[in-house]
Amino acid sequence: MIVHNSRSLQGRIRVPGDKSISHRALMLAALANGACKLTGFSPCNDCLATLDAIRALGVDVEIHTPHKLTVSGKGLRGLQAPASPLDCRRSATTMRCLMGLLAGQIFTSSLTGDGQLLRRPMGRIIQPLRRMGARIATAGPVSIIIHGRPLHGCDHVLPVASAQLKTALLLAALYADGPTSIHQPGPARDHTERLLAAMGAHIETGGATIELRPSTELSPIPIHIPGDFSSAAFPLVAAALVPDSRVTVLGVGVNPTRTGLLDVLRQMGAEVAIENERLQGPEPVADVTVWTSTLYGVEIGGETVVRMIDEFPVFAVAATQAHGITTVRDAAELRVKETDRIRGIVAGLKAMGAKIQPLPDGFVIQGPTPLRGAIVDSYGDHRLAMAWVVAGLIAEGETTVNHAHCMDDSFPGFVQMMQEMGARIEP
Ligand code: S3P
């Protein structure tokens, strides 16, 4: 994909539905006692992997449009053994959350996926599930075998602030013989907790601790999925950087466990407006506008990192344009995402002329530096690919993004949407 220096991005846009909520909506609707209508569903590659998996578990899903589905929930005890391994493709949320969902079933199932996914850490899910009595085996590098069996309630102290891990444990806890409590070290996204509460599960959340008592049923509810803040981050950061721009993303999720980037952009001096804030089911949504802004360096660490964990590739592009030094720490989790994102960010931005140094748990950027067009690689990581498109819009000359097709893993339609706002991109 070739990206040219662009001027003036303008638009009032909508981004695809939230990927994290779409996965959870499918899985929880599959366990509900009746039909759930999902609207705003994200038809990205990762969520389609979850959709195929729940169908393979015997759940009927009627697709009305790419964004509107009806999931005919089978109840907590109604899933069927799949005929073949469930292919999670490149989606860690699918694999990790399904491990929890399948651990307490009365059948054996197995999970597989692309090489990229199978290289990612799974022990962090398998070990705490085993403490609940789960029988999970890994069969070489290609699959995980889950021998469903009765589970016990457990007290978990999570070593990392991972929402996938938390969700796996909550799904398993629905099947346990007693209460489960989870203590998390940071504010990992809480979409599962919100949906479970809306469906009538016995869940209590307070501070860093979540308690769930086993349920006999989950009530079917309509689930309207807001726009994905992590997708909105790309056009919003692009608007801050490209001269004479103003971009509004309408109806985007602004759950505080997701919007660390907005706080940081404001701290950097960006002009940001959050308007029309309202609740859509259990999730807060709003219209978010960003204007071209002069940015200043910041120091990021601790809880803020958790609340913007997926936004660092595009944030790093913004930091190259900020006056002064930007330091990111406490973000070692970036090393085990779709790729080692610290390595990928540093390699791509160095190729474009930025002053960036890696840290074991983050990076340091000195700005502002004019970027120059270069050949950069996504290494098959959707968020790196889209970050390089944003960088290409402000770089002098032409930027070539290799392996750009993986953008569809989270954001189908990204390129067209950016073009419609004035971005000069040749797919
Ligand atoms: C996600 C949780 C985060 C995030 C990922 C989606 C989720 O991962 O990076 O893109 O939907 O639960 P971790 O659970 O590894 O922190």
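The residues that line the largest cavity divide into 3 nonpolar, 3 polar and 3 charged. In this count Ala, Val, Leu, Ile, Met, Phe, Trp, Tyr, Cys and Pro are nonpolar, Asp, Glu, Lys and Arg are charged, and the others, Gly among them, are polar. The model is predicted: local features need pLDDT of at least 70 and side-chain atom pairs count only at pLDDT 80 or more, while totals for chains, interfaces and linings use all residues. Residues are numbered from 1 along each chain as its sequence is written, and side-chain values use heavy atoms, with hydrogens and water left out.

The lining of the largest cavity is made up of D18, I21, H191, F229, G253, V254, N255, R258 and E283. A cavity is a set of points, on a 1 Å grid over the protein atoms alone, where a 1.4 Å probe fits but cannot get out; a pocket is an open set with protein on both sides within 12 Å along at least five of seven lines, and lining residues have an atom within 4 Å of a point. The volume of the largest cavity is about 40 Å³, where grid points are joined across faces, edges and corners and a volume is the space filled by probe spheres set on the points. The count comes to 1 cavity of 30 Å³ or more.

The largest pocket has a volume of about 610 Å³. Its lining holds 40 residues, and A161, R189, I309, D310 and K337 lie nearest its centre. Two or more lining residues come from each of α1, α3, α6 and α10 (303–306); helices (H or I, at least four residues) and strands (E, at least two) are DSSP runs, numbered from the N terminus. By class, this lining has 13 nonpolar, 9 polar and 18 charged residues.

The ligand sits in the largest pocket, meaning that more than half of its atoms lie within 2 Å of the pocket's grid points. Two or more residues of the shell around the ligand come from each of α1 (19–31), α3 (92–103) and α6 (163–173). The residues around the ligand are S20, R24, T93, R96, A161, S162, A163, Q164, R189, I309, D310 and K337, each with a heavy atom within 4 Å of the ligand. By class, the shell has 3 nonpolar, 4 polar and 5 charged residues.

A ligand oxygen is 2.6 Å from a side-chain N or O atom of S162. A ligand oxygen is also 2.6 Å from a side-chain N or O atom of D310. Taken alone the ligand exposes 390 Å², of which the protein buries 94%, with areas from the Shrake-Rupley method and a 1.4 Å probe.

The second largest pocket has a volume of about 270 Å³. It is lined by 15 residues, with R335, K337, E338, T339 and D340 closest to its centre. Helix α12 (residues 341–351) gives the most to this lining, with 3 residues.

Two backbone features remain. Most residues other than glycine have a negative phi, and most peptide bonds are trans. The peptide bond from G367 to P368 is cis, with omega near 0 degrees, and P368 is in the loop between β21 (362–367) and β22 (375–377). N276, in strand β16 (residues 271–280), has a positive phi, near 60 degrees.

How values were computed. A polar contact is a pair of N or O atoms within 3.5 Å; within protein, one must be able to donate a hydrogen and the other to accept it, and residues adjacent in sequence count only if both atoms are side-chain atoms.
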